[in-house]
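Please consider how charged side chains connect separate parts of a protein chain. The structure is shown first, and an explanation follows.

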Amino acid sequence: MSHLFTESCCASLESVLRAVKAGTNRIELCRDLSVGGLTPSKEMISAAQEAAGSIPVNVLVRPRGGDFVYSREEIGQMLASIGMCKELGVNGVVIGALTADGSVDLNGMRRMLDAARPLHVTFHRAFDECTQPSAALEDIIGLGIERLLTSGHCADAYEGRFALQALVKQAAGRIVIMPGCGITPANVAEIAAISGAREFHGTRLP
């Protein structure tokens, strides 16, 4: 895996330290993986940054579990979390919002992007709940987002490896397609070979 870029999903300081020791290229920090991950506290972010040293830390901004259709109040909470992340000087934020019909919430996303810049931005696996993946990908690219985390609309990235291949082809270098969910040292090489992706996200990588 030496030629592959790995992002480690970490929900504790201990997991950050393990990922750093293992040689990860980037940390995605969150809490409560039992519900898919939520925004970590200010204290946790600061501690993770110190533990990570020179390794970049991206922070998941998600106020609750469940779906990705957010109220005005919830968007406000996410904007406040993004502001906190900027104050702490993190590398980037990981965000995503949908409308009730399964499209990308363009208005909500634009507000969050405006608040986030110049931080790096990843659109998370809310994408895997979009009803029209191809159109959603074009919307995300149109927003100017640098990276998309996805399992290819499948239960995990291995199952979705051919769908990921199609997304990489559609993206055509306009955005980084980063497979995630169920990626391990045992299957990452095959997922990479089929999908053409070069960044990978997991709790057991590198």
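The paragraphs below treat the salt bridges and then the aromatic rings.

This is a predicted model, in which local features require pLDDT of at least 70 and side-chain atom pairs count only at pLDDT 80 or more, while totals for chains, interfaces and linings use all residues. Residues are numbered from 1 along each chain as its sequence is written, and side-chain values use heavy atoms, with hydrogens and water left out.

A search of the whole structure finds 10 salt bridges, the term denoting a side-chain nitrogen of Lys or Arg within 4 Å of a carboxyl oxygen of Asp or Glu. One of them joins the side chains of Glu 146 and Arg 117, with an N to O distance of 3.0 Å. Glu 146 belongs to the loop between helix H5 (133–142) and strand S6 (147–150), and Arg 117 to the loop between helix H4 (106–116) and strand S5 (120–123), so this bridge ties together parts that are 29 residues apart in sequence. Helices (H or I, at least four residues) and strands (E, at least two) are DSSP runs, numbered from the N terminus. Glu 146 is partly exposed at 27% relative accessibility, and Arg 117 is partly exposed at 29%. Here buried means under 20% relative accessible area, exposed means over 50%, and partly exposed lies in between (1.4 Å probe, protein chains only).

The side chains of Arg 174 and Glu 138 meet in a salt bridge at 2.8 Å, N to O. Arg 174 sits in the loop between helix H6 (161–171) and strand S7 (176–179), whereas Glu 138 is in helix H5, and the pair links distant parts of the chain, 36 residues apart. Arg 174 is partly exposed at 42%, as is Glu 138 at 32%.

A further bridge connects Glu 190 with Arg 161, whose closest N and O atoms are 3.7 Å apart. Because Glu 190 lies in helix H7 (residues 188–195) and Arg 161 in helix H6, the pair ties together parts 29 residues apart in sequence. Glu 190 is partly exposed at 35% relative accessibility, but Arg 161 is buried, with a relative accessible area of 16%. Elsewhere, salt bridges that share partners join Glu 7, Arg 26, Arg 147 and Glu 199 into one network.

Arg 161 also lies over the face of Tyr 158, at 4.0 Å from the ring centre. A charge sits over a ring if NZ of Lys or CZ of Arg is within 6 Å of the ring centre and within 35 degrees of the ring normal.
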